[in-house]
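Keep the viewer open and follow the residues as they come up.

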Amino acid sequence: MLKTLIPQKIRKAIPLIGVGLFFIQIGFAQNKTEEKLDLAQEYYKTEEYDKALDLYRDLSKQKNLINQIHENYLSILLKKELYKEADKYLKKAVKSDESNAVYHVDYSRIKLLEKDTVTADKYFDTFIKEIAVNTTKLRYTALYCLDLNLFKYTESCYRIGEKNSNELFYYELADLYYKWGKYDKMIDEYLQLLTLKPDQLEYVQVALQDRLTTEEDFELLEPQLLTKVQKNADMTVFNEMIVWYYLQQKKFYGAFIQARALDKRLRLEGYKILEIGRLAKNNQDYKNAQKIFQYLVDRYKEYAVYPVARKFLIETKEAIVKNTYPIDRTEIESLVKDYQQIVKEMGLNAQTADAMRNMALLQAFYLNQRDSAIVELKELINNRNIPKSLISQAKLDLGDIYLLKDEPWEASLLYSQVAKSNRELKIGHEAKLKNAKLYYYTGDFKLAQSQLDVLKLATSRTISNDAMELSMLIGDNLNLDTTSLAMEAYAAVDLLIFQGQYDKALDSYEQMLVKFKGHRLTDEILWQKAQLLIKLGKYEEATEPLKEILEFHRYDIWADDANYLLGTIYQDQLKDKEQAMNYFKDHLINYKGSVYEVDARKRFRRLRGDNVNKS
């Protein structure tokens with residue numbers, strides 16, 4: 001009866017309408033789910049965790065949504081320490097996707113937070129063994145563990161990966177141990193890497209230099225390197241590594257010993273050793289530099305490295321003589337003879353020009369043989385085979401000698417020539433600085449300061465700093481005075497010091513301390529007085545002006561220098577260990593940030609008897 005009442009077309013449409021309504025319901029449900037997800041996300045962002053938690057609990061009932069809500073939902077559970085709920089949720093998550101490593105790791109993490117370490121470890125080990133042959137999944141799991149600071153689990157991933165595949169994880173393990181703070185193990189991984197891949201030497205060196213940032217950490221390298229050298233006698237890469245290590249530590253003699261072995265094996269003809277000697281010399285480790293150059297001179301007479309090593313050997317001896325007070329005239333005469341011998345044997349050329357120059361400077365500044373020095377420098381300047389840069393340097397030296405002879409305007413003429421012909425070069429700026437100092441010595445402070453102001457912008461940091469320092473000295477002390485008498489007297493003494501007239505300079509300083517008592521220059525005078533007494537080998541006397549700086553000028557510019565210098569004098573010259581320790585300890589407490597802080601700490605530790613490796 002009903003069929004007859006409903007038209008046939010409508011009867012056919014009823015099933016289609018039902019299907020349509022079904023899909024509308026699904027679409028409505030999907031929209032509602034998406035709205036919940038978006039709302040939960042918004043609550044999470046605004047840290048309304050209780051509201052977000054209610055929504056995530058409801059959403060977690062749908063297995064297909066677990067992947068979308070997992071990170072935020074678990075984060076809230078952990079923040080609120082709802083570990084039992086997290087445990088229950090994670091079991092469901094694992095069932096929803098057995099292959100998802102994140103769920104397995106997070107389950108172990110929850111067990112750790114519940115203090116159930118046995119279950120956590122057992123569960124994780126079981127999972128790792130299941131994926132042991134899948135190195136891609138192992139790597140992913142390890143990185144996730146590392147991100148969570150689960151270092152032990154990260155290590156397990158890589159170690160099991162090594163056992164069950166042909167892959168090696170030296171890079172990854174090194175990164176792990178670095179983040180874990182196990183630097184000794186990190187070092188071991190890098191050295192194991194070099195055993196298989198010696199071509200990674202530079203990479204390993206850069207990585208270690210970046211990661212071993214403290215002296216104590218860096219020192220962990222030495223015993224491991226020495227062991228590797230002994231156990232792998234056929235591999236030069238570890239000799240190269242330990243040479244690099246010693247150079248980083250400025251332990252030049254240790255680097256030399258290893259480089260000597262490398263030199264014999266690789267037939268380097270002394271050049272690697274020469275470079276180490278040069279670095280020692282540049283770092284003022286003259287004692288070891290002399291040993292290194294002497295070795296080259298004795299063993300490599302038939303090689304190209306010999307003349308360079310010989311010249312460096314004499315220059316090193318010269319540096320030792322100049323830094324040993326009081327300076328021994330006999331030693332200076334011996335050095336002059338050495339230089340003369342080189343020039344005589346090889347003639348005056350580009351290779352021996354430095355020797356001729358050094359010889360002339362020794363004669364002029366230490367032996368009072370200024371006329372001979374002038375003749376030699378002029379010969380060097382007029383030689384066409386000498387590089388222009390060295391000729392310019394010789395002209396500056398000649399100017400200095402004219403200043404020694406109290407002929408300032410002859411000196412200024414030479415300085416100006418060099419400045420004009422080398423306008424944009426470092427030596428040109430050096431010439432301008434010498435001219436500025438000349439004006440300063442002669443009391444023309446305005447002209448000196450105008451030149452110094454230009455030089456403050458010099459590209460060379462040394463010249464810029466020197467110019468700034470002298471400019472500040474002039475400016476600070478002239479601006480406070482109604483007259484320039486104190487500054488003129490101080491500059492005149494500076495010229496005496498340049499000329500090597502130390503006794504006259506000391507007398508002048510004594511007079512200034514009385515005549516200009518309380519002047520701002522007082523701490524400068526005391527500092528310079530101490531320097532002169534050291535040059536004369538009067539170390540005990542040198543401590544007096546330094547102590548005066550600390551007593552009356554503790555907050556002035558020379559205070560930290562004076563404190564550190566006192567420590568070195570008591571340690572190195574006066575051999576008073578207790579006094580030296582007191583000054584170094586005081587330095588670490590009262591002069592934090594001082595440029596001497598690192599060395600003061602080393603010296604203090606060594607005096608105290610700590611195991612501080614020596615060069």
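A charge patch here is made of residues with over 30% relative accessible area and no salt bridge, with like charges joined within 9 Å. Lys and Arg count as positive, Asp and Glu as negative, while His and the chain ends are not counted. Each charge is placed at NZ of Lys, CZ of Arg, CG of Asp or CD of Glu. Accessible areas come from the Shrake-Rupley method with a 1.4 Å probe, and for residues only the protein chains shown count as cover. By these rules, Lys63, Lys88, Lys92 and Lys95 gather in a positive surface patch.

The model is predicted: local features need pLDDT of at least 70, side-chain atom pairs count only at pLDDT 80 or more, and totals for chains, interfaces and linings use all residues. Residues are numbered from 1 along each chain as its sequence is written, and side-chain values use heavy atoms, with hydrogens and water left out.

Now the overall form. The protein chain has 34 helices and 0 strands. These are DSSP runs, numbered from the N terminus (helices: H or I, at least four residues; strands: E, at least two). The C-alpha trace spans about 140 × 70 × 60 Å along its principal axes. The radius of gyration of the protein chain is 38 Å, whereas a compact globule of 615 residues would have one near 25 Å. That radius is taken over C-alpha atoms, and the globule rule is 2.2 Å times the number of residues to the power 0.38. Of the 615 residues, 47% are buried. Buried means under 20% relative accessible area, exposed means over 50%, and partly exposed lies in between (1.4 Å probe, protein chains only).

Return to the patches. Lysine 63 sits in the loop between helix H3 (49–59) and helix H4 (66–79). Lysine 63 counts as exposed because its relative accessible area is 54%. There is a negative patch too, formed by Glu34, Glu35, Asp38 and Glu42. Aspartate 38 belongs to helix H2 (residues 8–45). With 55% relative accessibility, aspartate 38 is exposed.

Next come the paired charges. Side chains of opposite charge can pair when their charged atoms come close. A salt bridge is counted when a side-chain nitrogen of Lys or Arg is within 4 Å of a carboxyl oxygen of Asp or Glu. The structure holds 39 salt bridges.

Start with lysine 91 and aspartate 87, whose side chains meet in a salt bridge at 3.5 Å, N to O. Both lie in helix H5 (residues 83–96), and they are 4 residues apart, so about one helical turn separates them.

Helix H9 (residues 151–164) holds glutamate 162 and arginine 159, which are 3 residues apart, about one turn of the helix. Their side chains form a salt bridge at 3.1 Å, N to O. Glutamate 162 is partly exposed at 21% relative accessibility. Arginine 159 is partly exposed as well, at 30%.

Another salt bridge joins lysine 529 to glutamate 510, with the closest N and O atoms 2.3 Å apart. This pair links distant parts of the chain, 19 residues apart: lysine 529 is in helix H30 (residues 522–535) and glutamate 510 in helix H29 (residues 502–515). Lysine 529 is buried at 15% relative accessibility. Glutamate 510 is partly exposed at 36%.

Finally, look at the loops. Threonine 442 lies between helix H25 (426–441) and helix H26 (445–455). Its C-alpha atom is 7.2 Å from that of alanine 492, 50 residues away along the chain. Proline 326 is in the loop between helix H19 (305–322) and helix H20 (329–346). The peptide bond from tyrosine 325 to proline 326 is cis, with omega near -5°.

Which backbone angle is positive at lysine 115? Phi is, at about 65°, although lysine 115 is not a glycine. Lysine 115 is in the loop between helix H6 (101–113) and helix H7 (117–130), and is exposed at 72% relative accessibility. Arginine 267, not a glycine either, has a positive phi of about 50°. Arginine 267 lies between helix H16 (252–266) and helix H17 (271–282), and is exposed at 73%.

Methods:
Patch = residues over 30% accessible without salt bridge, like charges linked within 9 Å, V, L, I, M, F, W, Y side chains within 5 Å.
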